[in-house]
Amino acid sequence: MSHTFTRYVAAAAGVALLLGASACSTERTDDGAPAAAGGDSGGLVGIAMPTKSLERWNKDGAHLEGLLQDAGYETTLQYADNKVDQQITQLQNMINQDPEVLVIASIDGTALGPVLAQAKEKDITVIAYDRLINGTGDVDYYATFDNYKVGQLQGEYIVDTLGLDTGAGPFNLEPFAGSPDDNNAKFFFSGAWDVLSEYVAKGQLVVPSGKAPASNDQWSSIGVQGWSSDTAQSEMETRLNSFYAAEKVDVVLSPNDSLALGIAQALLGAGYTAGVDWPLITGQDADQANVENMLIDRQAMTVWKDTRTLGDQVAAMVDQVIKGSKVTVNDEETYDNGNKVVPTYLLPPVVVTKDSIKTSLVDSGFYSAADLGL
């Protein structure tokens, strides 16, 4: 049994013991109102997710909702199609239903202050899910993975694979960053750039496009709005057409799998061939399409954040809030949202490569072998 699987089983068992076994089935209406629920209700929990367009958010929402319903709580789960105004409206509708807790994976972490003030007036506890909510004192807790570590792992993988620490190079690098309105994106980039920038300065990594931020603070200059695969593809096509007429790109720093998919499509269109001249591409989230790309050598690695464990932790925190217990956190220093340091629970990310897909993703039950054609 893999260590990843052992940790997951332990976490799931702990949450099951904490939450108990009473069941509650809730259907969702278009306006966010929960339909009548069967069984004894332990209170209403609102869950706001950013979009259905990324695989991981569908899994996150369904997993968290299932845990809470199994524990006897009513739920209202809403997806906002990556539209800030739509998410705000959904949250207002939830607040009008007087939930005990709101769990929010924000689209724009700076835009929710006014609506969270409405939640605080009703003494509703707010838990930021995976994305920090900024500029307000009305967020109570935050649960996420160590997002700086995600970037570090990507950077370290590039260093180790290319042999940069032994003086190898030069290699052509094209760096990308995530959505400028996602607070996590700056942590991803900073983690990676703190590892890679010294090799850029030494000339072992060369950025022909010139799109190498001078400092971590300038990361948004290469950010891809909304984590769009199409935008990443278009940007990569532009770079290849403009700067690679006579040379090849060797490595692409992609902060997540959505961008990596678009980058891979651009490379295919430019005539790159896996196993011949395909560059090293990083990623994050272990989305199925990307894992399949890893199996055919079109992506080198992904940083896996087992979002089941995030859902387990948030379900436990919700339960602790509603039952008046002390809420478990393990970081009360790092995540300053500009108004307060938000008490946080951090979970560890894991590197997955082609060689570890089975032991990490299949043996843990995250995917079946059939899902991946194994």
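**Note on the predicted model: cores, helix pairs and local features**

1. Overall make-up. Of the chain's 374 residues, 55% count as buried; buried means under 20% relative accessible area, exposed over 50%, and partly exposed in between (1.4 Å probe, protein chains only). The model is predicted, so local features need pLDDT of at least 70 and side-chain atom pairs count only at pLDDT 80 or more, while totals for chains, interfaces and linings use all residues. Residues are numbered from 1 along each chain as its sequence is written, and side-chain values use heavy atoms, with hydrogens and water left out.

2. Elements and contacts. The chain has 11 helices and 12 strands. These are DSSP runs numbered from the N terminus: helices are H or I with at least four residues, strands are E with at least two. Contact means heavy atoms within 4.5 Å. Among contacts in the chain with a separation of 6 or more, 73% come from residues 24 or more positions apart.

3. The largest core. A nonpolar core is a set of buried Ala, Val, Leu, Ile, Met, Phe, Trp, Tyr and Cys residues joined through side-chain atoms within 4.5 Å. The largest one holds 46 residues, and Leu205, Met236, Ile263 and Leu267 touch the most other members. The elements giving two or more residues to this core include helix 5 (147-162), helix 7 (229-243), helix 8 (257-269) and strand 10 (301-304). Helix 6 gives the most, with 8 residues. In soluble globular proteins, nonpolar side chains tend to be buried together.

4. Ile263 and the second core. Leaving out residues up to four places away in sequence, Ile263 touches Phe176, Ala232, Gln233, Met236, Val252, Ser254 and Ile281. A second, separate core has 28 residues, among them Ala71, Leu77, Ala315 and Tyr345.

5. Helix 5 against helix 6. Two packed helices are described by the angle between their axes and the distance between the axes. Here the axes come within 6 Å and cross at roughly 30°. Axes are lines fitted to C-alpha atoms, for helices over the stretch in contact, and angles run from 0 to 180 degrees between N-to-C directions. Helix 5 is therefore roughly parallel to helix 6; angles under 35 degrees count as roughly parallel, over 145 as roughly antiparallel, 65 to 115 as roughly perpendicular and the rest as oblique.

6. Helix 5 contributes residues including Asn147, Val150, Gly151, Gly155 and Val159, and helix 6 contributes residues including Phe187, Phe188, Gly191, Val195 and Tyr199. The residues of the contact divide into 10 nonpolar, 7 polar and 2 charged. Ala, Val, Leu, Ile, Met, Phe, Trp, Tyr, Cys and Pro count as nonpolar, Asp, Glu, Lys and Arg as charged, and the others, Gly among them, as polar.

7. Helix 3 against helix 4. The axes of helix 3 (residues 84-96) and helix 4 (residues 113-121) come within 10 Å and cross at roughly 5°. That makes helix 3 roughly parallel to helix 4. Ile88, Leu91, Gln92 and Ile95 of helix 3 meet Val115, Gln118 and Ala119 of helix 4. This contact has 5 nonpolar residues, 2 polar and no charged.

8. Lys305. This lysine sits in the loop between strand 10 and helix 10 (307-322). Lys305 counts as buried because its relative accessibility is 2%. Residues up to four places away aside, Lys305 touches Arg56, Asp130, Phe145, Asn147, Val150, Phe188, Gln284, Asp285 and Pro349. Lys305 and Val351 are 46 residues apart in sequence, yet 8.9 Å apart in space, C-alpha to C-alpha.

9. Arg239. This arginine lies in helix 7. Arg239 is buried, with a relative accessible area of 2%. Not counting residues up to four places away in sequence, Arg239 touches Glu174, Pro175, Phe176, Ser209, Lys211, Ile222 and Tyr244.

10. Backbone points to check. A cis peptide bond joins Gly169 and Pro170, with omega about 5°. Pro170 is in the loop between helix 5 and strand 6. Asp81 has phi near 55°, a positive value in a residue other than glycine. Asp81 lies in the loop between strand 2 (74-79) and helix 3. Asp297, also not a glycine, has a positive phi of about 65°. Asp297 is in the loop between helix 9 (288-295) and strand 10. Asp81 is partly exposed at 43% relative accessible area, and Asp297 is partly exposed at 39%.
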